[in-house]
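Colleague: Could you take a close look at the aromatic rings of this model, and at the charged groups that sit over them?

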Amino acid sequence: VQLQASGGGSVQAGGSLKLSCVASGRSLSYYHMAWFRQAPGKEREFVAGISRGGTTPYSDSVKGRFTITRDMAKITVYLLMDSLKPEDTAVYFCAAGNNFGTSQAEYQYWGPGTQVTVSS
């Protein structure tokens with residue numbers, strides 16, 4: 001499966017962005033999906049995930065502000081990001097895998113990232 005993320009950009013603190021991850025090659029219904037992010041000089045970290053069954057864990061840093069959803073018909077996973085903070089600045093990656101969890105190792109397929117920049 002090939003993944004393509006989009007929707008990143010620059011926004012002021014308190015603003016919102018909605019990221020999209022479009023899949024091609026195989027239906028998303030086969031996979032668990034997740035969003036990760038990587039800030040400059042930091043390791044890639046889990047942001048949010050959505051299992052085949054619809055379970056949606058979030059990292060503590062984004063819980064209550066970000067929402068992950070999936071549209072099977074449009075083979076797309078979304079990440080709605082509200083109340084953005086400067087510390088949310090990072091490159092965001094979508095991932096798909098046969099196992100579900102918060103570790104990068106659970107996901108076999110990755111798309112190129114999309115930059116999100118939040119200014120204070």
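**Rings and charges**

Modeller: The charged end of K18 lies over the ring of Y78, at 4.5 Å from the ring centre, where sitting over a ring requires NZ of Lys or CZ of Arg within 6 Å of the ring centre and within 35 degrees of the ring normal. This is a predicted model, in which local features need pLDDT of at least 70 and side-chain atom pairs count only at pLDDT 80 or more, whereas totals for chains, interfaces and linings use all residues. Residues are numbered from 1 along each chain as its sequence is written, and side-chain values use heavy atoms, with hydrogens and water left out.

Searching the whole structure gives 4 aromatic pairs, a pair being rings of Phe, Tyr and Trp (its six-membered ring) with centres within 6.5 Å, and planes under 30 degrees apart counting as stacked, over 60 as edge-to-face and the rest as tilted. One of them joins F36 and Y107, with centres 5.7 Å apart and planes at 70°, so this pair is edge-to-face. It links distant parts of the chain, since F36 belongs to strand β4 (residues 32-38) and Y107 to the loop between β8 (90-97) and β9 (109-110), 71 residues apart; strands are DSSP runs of E, at least two residues, numbered from the N terminus. Both F36 and Y107 are buried, that is, under 20% relative accessible area with a 1.4 Å probe and protein chains only, where exposed is over 50% and partly exposed lies in between.

The rings of F36 and W110 have centres 5.0 Å apart and planes at 55°, so that pair is tilted. W110 is partly exposed, at 27% relative accessible area, and the charged end of R44 sits over its ring, 5.0 Å from the centre. Ring pairs join F36, F46, Y107 and W110 into a cluster.

Definitions and conventions. Helices (H or I, at least four residues) and strands (E, at least two) are DSSP runs, numbered from the N terminus.
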